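Hi everyone, thanks for coming.

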Amino acid sequence: MTTLFEPTRLGDIALANRIVMAPLTRNRAQAGNVPGPLTVEYYRQRASAGLIIAEATQISPMAQGYLDTPGIHSAEQVAGWRKVTDAVHAAGGRIVLQLWHVGRISHTSLLPGGAAPVSSTARRPNAQTYTKEGFVPVSEPRALRDDELPGIVDDYRRAARNAIDAGFDGVEVHAANNYLLDQFMRDSVNDRSGPYGGSIDNRIRLVVEVMQAVAAEIGAARTGIRLSPITTFSDTARDSNPQALYGRLVEVLAPLGLAFVHMIEGETGGPREPADLAQPFDYDALKKAFGGGWIVNNGFDRASAEAKVAAGAADAIAFGKPFIANPDLVRRLRENAPLNPLRAELMYGGGAEGYIDYPALA
Ligand code: PHB
């Protein structure tokens with residue numbers, strides 16, 4: 001029986017154990033959205049994870065949606081991340097970067113020249129984002145023209161190259177949680193006609209082009225993707241047929257030979273089996289269709305994580321909030337030691353407190 005503490009491989013990435021640190025927005029980037037010394041220490045402390053998936057990081061200035069999130073589009077950002085990856089590697093860890101474009105979940109005050117956020121649609125969700133003025137409703141978006149989409153694909157490609165130049169072991173493309181790529185995939189959001197709207201194959205076209213471009217740039221075996229088929233995060237309705245949509249996506253991606261799929265099961269940070277879901281989502285069907293590395297996330301504890309890996313239903317388990325509060329989560333799970341409680345009010349923004357001051361076991 002496989003345990004959480006056995007090594008595994010996801011594509012070219014060798015993991016010492018099956019405990020993954022999920023990507024977590026912490027809003028502590030410095031001027032120029034550059035990760036600073038506190039961020040180096042934060043990830044270094046967590047390097048015993050089999051794999052760290054570093055926080056969502058904007059691929060371009062237009063891809064940002066919240067205050068003080070890091071980027072991977074400037075030389076200063078690449079240099080800042082290099083210090084992070086060096087520290088994690090020196091501590092024996094592995095780290096990939098999550099590549100992010102928020103699409104319509106943004107605010108004009110965060111975007112170059114006060115520009116409107118861009119999306120598949122010009123319709124605004126009833127969602128909020130975090131700016132210098134605190135939480136505010138997101139701004140009205142502008143629908144991207146088809147002839148702008150090659151530029152978006154190229155931003156992902158260049159960001160992936162920058163991530164490798166910064167020393168990351170690979171990247172995870174963020175296609176979850178109703179950010180830009182989901183805004184194209186879901187028929188509840190995408191109201192386009194033409195090659196990127198309408199049929200499932202049209203709605204997945206952008207994310208497939210992104211995955212092909214990133215895989216061609218840095219190698220499929222160090223490229224992963226994160227999905228959340230049934231989340232309604234950011235006030236976004238589910239697709240009318242998530243099983244068909246995300247099933248088809250995984251089927252189209254399978255021949256690329258990607259390193260992994262990272263699956264959020266249920267509502268992001270919420271119930272694994274939402275009460276309003278007409279029928280349970282069949283994640284296992286997608287795992288079978290994909291055939292590659294499979295990471296699962298959302299609300300796992302020691303027992304449920306052990307059971308999932310033992311059953312062969314996942315190669316690795318991603319933990320979010322437990323990793324914020326427990327830099328030595330791997331040891332605590334191995335020893336069945338108690339976990340530090342999360343100080344939720346210190347998750348977003350601020351400095352060292354609630355970031356690098358959670359104690360490890362003696
Ligand atoms: C957030 O900043 O709140 C956030 C970012 C990325 C996610 C989810 C939430 O996937």
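Which distance separates an oxygen atom of the ligand from an N or O atom in the side chain of N177? The value is 2.5 Å. Before I go on, a word on the source: this is a predicted model, where local features need pLDDT of at least 70, side-chain atom pairs count only at pLDDT 80 or more, and totals for chains, interfaces and linings use all residues. Residues are numbered from 1 along each chain as its sequence is written, and side-chain values use heavy atoms, with hydrogens and water left out.

Back to the ligand. An N or O atom in the side chain of H174 is 2.7 Å from a ligand oxygen, and a polar side-chain atom of T25 lies 3.1 Å from an oxygen atom of the ligand. On its own the ligand has 270 Å² of accessible area, and the protein covers 85% of that (Shrake-Rupley method, 1.4 Å probe).

Who is around the ligand? T25, Y66, W100, H174, N177, Y179 and F233 (a heavy atom within 4 Å). By class, that shell holds four nonpolar, three polar and no charged residues; Tyr, Trp and Phe count as nonpolar, Asp, Glu, Lys and Arg as charged.

Now let's turn to S139, in the loop between strand 8 (134-137) and strand 9 (142-143) (strands are DSSP E runs of at least two residues). Is S139 buried or exposed? Buried, with a relative accessible area of 11%, where buried means under 20% and exposed over 50%, with a 1.4 Å probe and protein chains only. Its side chain reaches the backbone nitrogen of T108 at 3.0 Å.

Methods. A polar contact is a pair of N or O atoms within 3.5 Å; within protein, one must be able to donate a hydrogen and the other to accept it, and residues adjacent in sequence count only if both atoms are side-chain atoms. Helices (H or I, at least four residues) and strands (E, at least two) are DSSP runs, numbered from the N terminus.
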